[in-house]
Amino acid sequence: MSAVAVPELKQISREEAMRLGPGWSHSCHAMLYAANPGQLFGRIPLRFSVLMQMRFDGLLGFPGGFVDRRFWSLEDGLNRVLGLGLGGLRLTEADYLSSHLTEGPHRVVAHLYARQLTLEQLHAVEISAVHSRDHGLEVLGLVRVPLYTQKDRAGGFPNFLSNAFVSTAKCQLLFALQALHMMPAEKLAEAVAAATEKQKKALEKLLPASS
């Protein structure tokens, strides 16, 4: 994953994460996805549909949240949070994908779970989410990640990566897409490079011209 890795994040095993001391917080999030045979405009393969959500703070992230390990297992805590935002979906340890450390002002180990659904099941989750307790409050809506790049090399996934993501969400998305063989590493790297270049140019336009 070296082509698209985020250097400040260190991957550890679930067992190592469970041995971390009380100074660490645990966050658990879920990536729900489905194979999608559809085509955009009848010619651009969609390949997969991946769900993320717009949060109350305007940042994109995966469904989930912090889990208090004093009272909950990782999976029980995750399912409790998912119940508030998605409805009755329940994940298990078999859906566990990865753990990453974020060291800094807040010491957090971020756990990601992933489950493949059918496209019909994914759509049912989207419908259920609209009627969940947190919809319109902490969760402003689910979005599907566009896993394609248009001819201008910006439309689709590169533009999506130019958005603002919460904490480890962007790294987890890139990690999962490669780990689950949903997108080749070189395509991920190209999208990240295009998004970075777009953000750089946008920043240059905002800065006053040097004298």
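Leu174, Leu177 and Gln178 of helix H5 contact Ala185, Leu188 and Val192 of helix H6 (contact: heavy atoms within 4.5 Å). The model is predicted: local features need pLDDT of at least 70, side-chain atom pairs count only at pLDDT 80 or more, and totals for chains, interfaces and linings use all residues. Residues are numbered from 1 along each chain as its sequence is written, and side-chain values use heavy atoms, without hydrogens or water.

H5 spans residues 169-179 and H6 residues 185-206. Helices (H or I, at least four residues) and strands (E, at least two) are DSSP runs, numbered from the N terminus. The two axes come within 9 Å and cross at roughly 155 degrees. Axes are lines fitted to C-alpha atoms, for helices over the stretch in contact, with angles from 0 to 180 degrees between N-to-C directions. H5 is therefore roughly antiparallel to H6 (under 35 degrees counts as roughly parallel, over 145 as roughly antiparallel, 65 to 115 as roughly perpendicular and the rest as oblique). The crossing of H5 past H6 is right-handed (the near helix is turned clockwise from the far one by less than a right angle).

Three aromatic pairs occur in the structure. One of them joins Tyr96 and Tyr113, edge-to-face, at 5.7 Å centre to centre with 80 degrees between the planes. Rings of Phe, Tyr and Trp (its six-membered ring) pair if their centres lie within 6.5 Å; planes under 30 degrees apart are stacked, over 60 edge-to-face and the rest tilted. This pair links distant parts of the chain, with Tyr96 in strand E6 (residues 96-102) and Tyr113 in strand E7 (residues 108-117), 17 residues apart. Tyr113 is buried, at 0% relative accessible area (buried is under 20%, exposed over 50%, partly exposed in between; 1.4 Å probe, protein chains only). Arg14 sits over the face of Tyr96, 5.7 Å from the ring centre (CZ of Arg or NZ of Lys within 6 Å of the centre and within 35 degrees of the ring normal).

Arg14 and Tyr113 also touch Leu74. Leu74 lies in helix H2 (residues 74-85) and is buried, at 1% relative accessibility. Other contacts of Leu74 include Met18, His26, Cys28 and Val67. Leu74 and Tyr96 are 22 residues apart in sequence, with C-alpha atoms 9.8 Å apart.

Backbone angles mark two further residues. Phe41 has a positive phi of about 60 degrees, although not a glycine. Phe41 lies in the loop between strands E2 (25-40) and E3 (44-55) and is exposed, at 58% relative accessibility. Arg47, in strand E3, has a positive phi near 65 degrees. Arg47 is partly exposed, at 35%.

Definitions and conventions. Lists of a residue's contacts leave out its neighbours within four places in sequence.
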